[in-house]
Structure formats: C-alpha cells, structure tokens
Amino acid sequence: MMIKPQHWLRYSLLGIIGLSVVASQPDVTFAQTLDKRAQQYNQAQLLTQEGYKQLNLGQASNALETWKKATTIYRKLDDQEEITGSLIDESIALQALGANLRACHTLVEALKLDKNVGICATNAARSTESVTKLLYGAISKQKPIPVYLLGWRNLAEVLRQIGKLEDSKIVLKKALSLAKQTPSSNISGILLSLGNSEKAIYKQARNRYSQTEEPVFKKEIISIIQHQALNSLDIYQQVNTLSNAPAGVKLQAQLHHLNLLLDFHEWLTVESNSGKTQLADIRTKITHQIQPAVALILNNSSAFSQLPVSHSIYAKLNFAKSLNKIETKQLHSIAIEYAEKALQTARSLNNPRLKSDSFGTLGKLKPEQSQVYLEAALSQAQLSQSPDLAYQWQQQLGNLYKKQGKYDAALQAYSAAIDNLTQVRDTLLPSNTDLQFSFQEKVEPVYREYMRLLLASPNPNLKRVIQTNERLQIAQLENFLQCGKLDIIPLNEVKNLPSAPTVVHIIDLNNSVEVIVQSPNGSLHRHSVDSKLVKASVDNLLENLQSSRLGSINKNLIISPSQSLYNLLIAPIKTYLPPSGTLVLTLDTSFQSLPIGLLHDSKDYLLQHYSIAQTLGSRIRPPKFLPKEQLRALIAGLSEVSPSFYALNAPEGLKALLGVEEEVEDVKKQTTSSKVLLNDKFTSQALEQQLSSSDFSVVHLTTHAQFSSDPQRTMFFAWNKPISVLEFDSLLKLNAQANEGGIELLVLSACQTAKGNKKSALGIAGVAAQAGARSTVATLWKVDADSTALLMEDFYKNLKNGIPKAEALRKAQLNLMSNSKYSHPYFWSSFLLVGGWL
C-alpha cells in the first residue's frame, strides 16, 4: 500500500483540506503488460503535480488547463476515482479564479450528482426540498473515501461562495459525520469549512440587519447575529483543539477566529452605543478574547510558511488587515511588517493580482504614502484584469483626490470604480457573496459620492447624475433579490413610444434631496432642497399612512405633510411639468413607500392632474398596450383563514379577507378568459402548475401580502404557505418560459407595508422586473374590501376600453375619490403602479 504522488499534492498542498489519503498501488503486472496505459497514467500524474506547482505560484489559469489535460487522460483510461479527483482539482483552480458557478457544475459532475435538480442554481429561493434530499442521499450512498470527502467539502465551499449557505451547511455536517466513521480521516478541514459557512450566515444576517428598517424585524435578526457569531467562533476553537490538525489548518482557523472577533466586536460596539444595553455583557466577553487571539497567531508565525505560497500571502494580508483594526502602535507596526513580507513574496512570484492586493493593503496601513501604494495597486489590478480589486483602489483614490481638491481626478476615479463595479456585478454577482453581504458598506457609497461630486460642479452634468442613479437603483434591486443581472433597459433606450413621458428623479444624497426633471424634449432641470426638511415631512406622513388607524385619522393630518412635501419637491419644478398627462417617477429608497399622487398643492392632489408610474432607476421592460382581447387572467385569492396565516414568518393577527369572492367575480367578468384559484385551491403547487402550463397576460392575486425592507419578509400568502419575493420570482419565471410575451400586468390587491419600511416598491418592482412583468399594481396598505372591489372593477373596465394602465388606475382612483363614502385618502391613495404605464 502506498499514497499516490498526485494525492499527496492534492491534499497536502491544500493544507486546509486536512484529509489523509491512502490508495492502492497500481497493479504492477497490469502496468507491465500495458506499457502505453502505464505511460499515460504516469503522464497524468505528472500533469497533476505540475498543476499544483502552478497553483502554488498563483497561476490558477495555467493550473486549470493542465488539470484539464490530466482529466482527459484519466477519461481515456476510464479510471473513475482519478477522474473524480482530477475534476476536483479543476474546481479548485476555478475557485481560485472566482469562477464559482463553473466550479460548482464541475463538482456536480465529479460527484455524479443529478444536474437537473438545481444544486448550483443561484436563486436564493432554490434551497428546495429536492436539493436537500438529493444531497443527503448522495452523501450517504458514496463510500467515505478521501477523494469523495474532498469533493463534498469543495462543493460546500462553492455553495457558500454562491450564497447557498444552508445547502453548504447540510453538505459539511453530513460529510463530517461520514468522516468520523473513517479512522484515517482528519476532520479539521471539514470543521474549518463548517466554521466558514456559519460565519457567512453571520455576515448575511448582519447585511439583513443593516438593510432592514422595521424595528420588530431588526430585533429578531439581532438574536440570529449573536447565535451565528458564537457558533462560528466555537467551531474555530474546536479546530485548534484537534491534536492531529495540520499547522496550516490551525492557522487558517485562528485567522478566521480573530477576524470574526473583531467584526463582531465592532457591531456590538455600535449597537451598544445606540442604546441596546443588553449587548454590553457579550461585548465585554468578546473584548477579552481579542488580545489572546492575536498572541496565539504571533506565537504560531512559523505556520505561515507551511501554507502554499499564494495562500501564505493572502494569510499575511488578512492578518495585517485584522491587526489594523486594533488601535495600538505596536500591532500597527506588526501589521505593516506582515503586509511588506506579503508584497516581497508577491514580487518574487511576479503575480500582479497578489501584488495589487499587497499594495492596496499597504495603502491603508501607511496613510502618508497611500496615494503611491494605491496607484501601484490599481496598476497591478488592471494588469491582472481584476475589476473586483480595481474598483476598491479607484474608490479610495477618489476619496483621496477629493480631499486634495483634485476634483477632476476624483470624478475620473469614481467613474472608473462604478464601471468596474458594474462589470463585477454583471459577471460575478451570482457567485460573489461578499458584494451581496457588504452592499451598503462597499458598493452604495461609490455611487452616492460620485453623484455628490458631480453636483458640486458649477455646471453639473445632470445626465451623468441620472445615469449613475439608475445604475445604483438597479444594483440595489439586484442585491435585494440576490440575483444576477436584471433584463431591463434604460427608459431613454425604449423604442416605439407614442410620446416621451416626463420623468421626475428624486435622489436622496443625505445632506440634500435632488429633484431632476427630464422633459419630453430631453431638457433637464434641477432643484435641490435640505434633506432634513424633506425627511421630517416624509416621516410625519409615513407615521400616519402606516398606522393601523389610518382610516379614522383626520384627513387634514394627512394633507398637512402632503402639502409640505409638495411645496418642497414639486412646486419648485412645476413650471417644467406639463399641465396633465403621465409622470414617471424614479424614487430613491427613502421615498418608495410614499403614494406620490397624494401630494397636495393646497387645492388638488397630484393624482387629480397626472397619472403616475414608478420605475426603478427609470429602467423598465418596454411599455406596451394591453389589448382587451389579451386580458387572459389567472385570478387567485383567499377569503378564509388558511394554514399559511400561522407560519413562523407570518405577520401577527392575519384575518380572513372580506370581499375576496366578490372581487374575484368582478375581475373574472372583465377579462377575456380566466382561471380561478380560490382558498384551498390556491396552493403554491397549483399556482406553479398554472403559471408553467398556461399563457396568462394578467396575474391577479387578492390575498394578504407584505412589503418589507427584508426580502425574506416580503411575501404573499397562498393557502398552504407564505411565498417570499424570492420564491415568487422563480414562479413568475415559469410563466415567462411558458408565455413568450411574459406577464403584462401583475396585481396584488390586499398588500400592506411593514411598519417602518420606507422602500415598499423595491420588492414588488424587483419581482416584476426579474420575471418580465411589464406593470405591477399593488397596495401600500390593506384597504376596505368594498372600495377595493369597486376600484378593481373600474380599473379592469378601463383596461377593457383600451385606456393605458396608469390612466386606467388613475380614473378608477378618481372615481372612488368622488364617492363621499370613500373620499378619505385611506381608500384610494394606497394603489401604486410600478413599471410600464401604457
């Protein structure tokens, strides 16, 4: 018995794997009788070794090509175990290149998994029962030999990178259980990966917390953050206690442990200082663990040299970045020392990507020389074609140039950073959880700082400001949906419009709110207002609109802040607006829960003069009329209390909706043809079946629905379960596949906005855009059943008469407003049209 040379490389060079591999020596007699086969086998072994040498030097692309040649030879030899191992090698190279989706598909092939189940599907809703069942079953059936354990661990790593965190945990826990049954296995590598997956869930929870606005939801996420942080820290500690864990594995665990301690401590400090005193004790405990964690790594510094060279460089840089977060001169000096050693090694390898990361780290550590280091880092990032690094250095250079008063250089740096960010998001987003989990920290500030700088010019380029805001809003939408690039286009590229609309952009830049009017002739006009004045009125109005007592609130208490907002935002640009017609509004996130038609000029509501459509960054599917002969509708609703009302993530106090059956019948009468799913017939399975098999131009849902700043809390209710925005996205895609034209109109007539949420339109617009629905009508709060039925009946009559969607909705709202019984804004102003207005 002996260990195959390529296996030694496969597992020992990746010291973090922590598996010992024993395999049978090739049959000597067989090799002697088939010299050609033996030569091919030896050639494949040499290629495998060469690939690891290349990877060790940071040459991942070369390693990939080398291992592909090895795989080809093993396929000719029909050596199944070696084919699996070589495909795993290919996946390792792909991971090093950031091509995590390709790595995932390669591992699915290596482990002989069903390609059609969607293991690598990047939609966050795809952690389905079928995937879970497949993973459990496949791991249980395979032999617990090292090559398969390595494959499963790598699959878990890739699943973590593409955002499928729960699936990653499933694989690692099952693989860990399997490895413990094998006496020769070292479980340290699998444990390390499990700690990393738990840490990723912690980072995901932190991201959700920063983006969630509703206090009740934030409170729930706090407990998740604490649990995940402590769980991950505990697992890293377990790795360090394993006597047979390789030094490289222990070092990786120690570095991750320190990084998480510092990140968790930073979050605990911010939250404790904001009044959450219950976090003070745990903060104290975490504080006491930081210095011992640093000392452990410093006392184990020889372990850095036991890692592959490129891994050692990244380990030193990560340690330097962690030390830089601790405000002591001695540790700062040590951080610089480690970063300089990393740069020295990167230079010896002549690897531009490694040099870029090293220069960039030193730019942060040496502020007095930061410009020199950052410019060098940018040069190397461009040389290695690494936009994911380039945008970071360009952003930091933009900040630096701005401080120096070099505004042209700063503008150029920010613009280039956004171009690179767009490239990264377009190509890597589905396989880059780091950008998803740090959107507000790393991505959003680049766009907003660029817009501020553009507007600071004596002659600001308003067109560029609008374009930048559009790109930001699409990035926000993609981040909210955790999806790839959305298939939507800028408004100015939409062709065959009967007439160009007037577009009003309202942009929140913290200190100011910018209102830019884009007239049909292309001219641009700007008004700027102090954001404090605007936010006070927005908060005042939302407080009333999101109150459970809205219907009984004195109308004047609603009109007063509505007038203030009109005077601040609309009155100064009124001269640039047409007297009537359609207004297309692009609203920043802080305004997306406002019904803009409610704004009041002291005489009339804005809605009385304009039909209004909201878009995300002015980007939509091409608007299109909905001919009456195309009113083919899927109509679904709940008029009874359903099991879904008692789901753990359901809002409290859901009750049976009144008037549902009447609304369903009214809509059915106004459509050309329809399919109705009512109560227990309206299950998630039935909805999926109908959407995938029938050609519907209209989908009308009269059921409880909730808009939240948290995508996991943005949902509507079928009979059997709540369906989140992420799941609804995949359901609507089924219709897009069955129906070439996609959904023309999506209607959600019984929605409510979670209290505290200011960006209601984000979720529903995202689903509509992702699914290809041209227009969406929804409510911002639950409205009286009788008035809703009347409005919907009018709305569909107007559509049937050939009236464009936005105008059809406006006429229905005005008709309701004219009824003295329903003149209060509670009844008519809740309805919102997002997307195409025709």
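**View A. Ser-312 sits in helix 14.** Welcome to the first close-up of this predicted model. With a relative accessible area of 7%, Ser-312 is buried. Leaving aside residues up to four places away in sequence, Ser-312 touches Phe-304 and Leu-307.

**View B. Phe-319 and Tyr-338 make an edge-to-face aromatic pair among the 15 aromatic pairs counted in the model.** The two ring centres lie 5.0 Å apart, and the planes stand at 90° to each other. Where in the chain do Phe-319 and Tyr-338 come from? Phe-319 belongs to helix 14 (residues 309–324) and Tyr-338 to helix 15 (residues 329–349), so this pair links distant parts of the chain, 19 residues apart. Both Phe-319 and Tyr-338 are buried.

**View C. Tyr-822 and Phe-827 form another edge-to-face pair.** Here the ring centres are 5.1 Å apart and the planes meet at 65°; angles over 60 degrees count as edge-to-face, so the pair falls in that class. Are these two residues buried or exposed? Tyr-822 has 5% relative accessibility and therefore counts as buried. Phe-827, at 13% relative accessibility, counts as buried too.

**View D. Four aromatic residues join into a cluster.** Ring pairs connect Tyr-202, Tyr-209, Phe-264 and Trp-267 here.

**View E. Helix 5 and helix 8 run roughly parallel to each other.** Follow helix 5 along residues 80–96 and helix 8 along residues 146–161: their axes come within 10 Å and cross at roughly 25°. Because angles under 35 degrees count as roughly parallel, that is the description given to this pair of helices. As for handedness, helix 5 passes helix 8 in a left-handed crossing. Which residues meet at the contact? From helix 5 come Glu-81, Thr-84, Gly-85, Ile-88, Ser-91, Ile-92 and Gln-95. Facing them from helix 8 are Val-147, Tyr-148, Leu-150, Gly-151, Asn-154, Glu-157 and Val-158. Sorted by class, the contact of helix 5 with helix 8 holds six nonpolar, six polar and two charged residues.

**View F. Gln-385 has a positive phi of about 55° although it is not a glycine.** To find Gln-385, look in the loop between helix 17 (370–383) and helix 18 (387–403). Is Gln-385 buried or exposed? The relative accessible area of Gln-385 is 71%, and the threshold for exposed is over 50%, so Gln-385 is exposed.

**View G. Asn-679 is another non-glycine residue with a positive phi, of about 55°.** Asn-679 is placed in the loop between strand 9 (673–678) and helix 26 (684–693). At 7% relative accessibility, Asn-679 counts as buried, whereas Gln-385 in the previous view is exposed.

**View H. Gly-802 occupies the loop between helix 29 (785–800) and helix 30 (805–817).** How accessible is Gly-802? With 46% relative accessibility, Gly-802 counts as partly exposed, because the value lies between the 20% limit for buried and the 50% limit for exposed. For a spatial reference, turn to Leu-838, which is 36 residues from Gly-802 along the chain. The C-alpha atoms of Gly-802 and Leu-838 are separated by 9.7 Å.

Definitions and conventions. Residues are numbered from 1 along each chain as its sequence is written. This is a predicted model: local features need pLDDT of at least 70, side-chain atom pairs count only at pLDDT 80 or more; totals for chains, interfaces and linings use all residues. Side-chain values use heavy atoms; hydrogens and water are left out. Helices (H or I, at least four residues) and strands (E, at least two) are DSSP runs, numbered from the N terminus. Buried means under 20% relative accessible area, exposed over 50%, partly exposed in between (1.4 Å probe, protein chains only). Axes are lines fitted to C-alpha atoms, for helices over the stretch in contact, and angles run from 0 to 180 degrees between N-to-C directions. Angles under 35 degrees count as roughly parallel, over 145 as roughly antiparallel, 65 to 115 as roughly perpendicular and the rest as oblique. A crossing is left-handed if the near helix is turned anticlockwise from the far one by less than a right angle, and right-handed if clockwise. Contact means heavy atoms within 4.5 Å. Ala, Val, Leu, Ile, Met, Phe, Trp, Tyr, Cys and Pro count as nonpolar, Asp, Glu, Lys and Arg as charged, and the others, Gly among them, as polar. Rings of Phe, Tyr and Trp (its six-membered ring) pair if their centres lie within 6.5 Å; planes under 30 degrees apart count as stacked, over 60 as edge-to-face and the rest as tilted.
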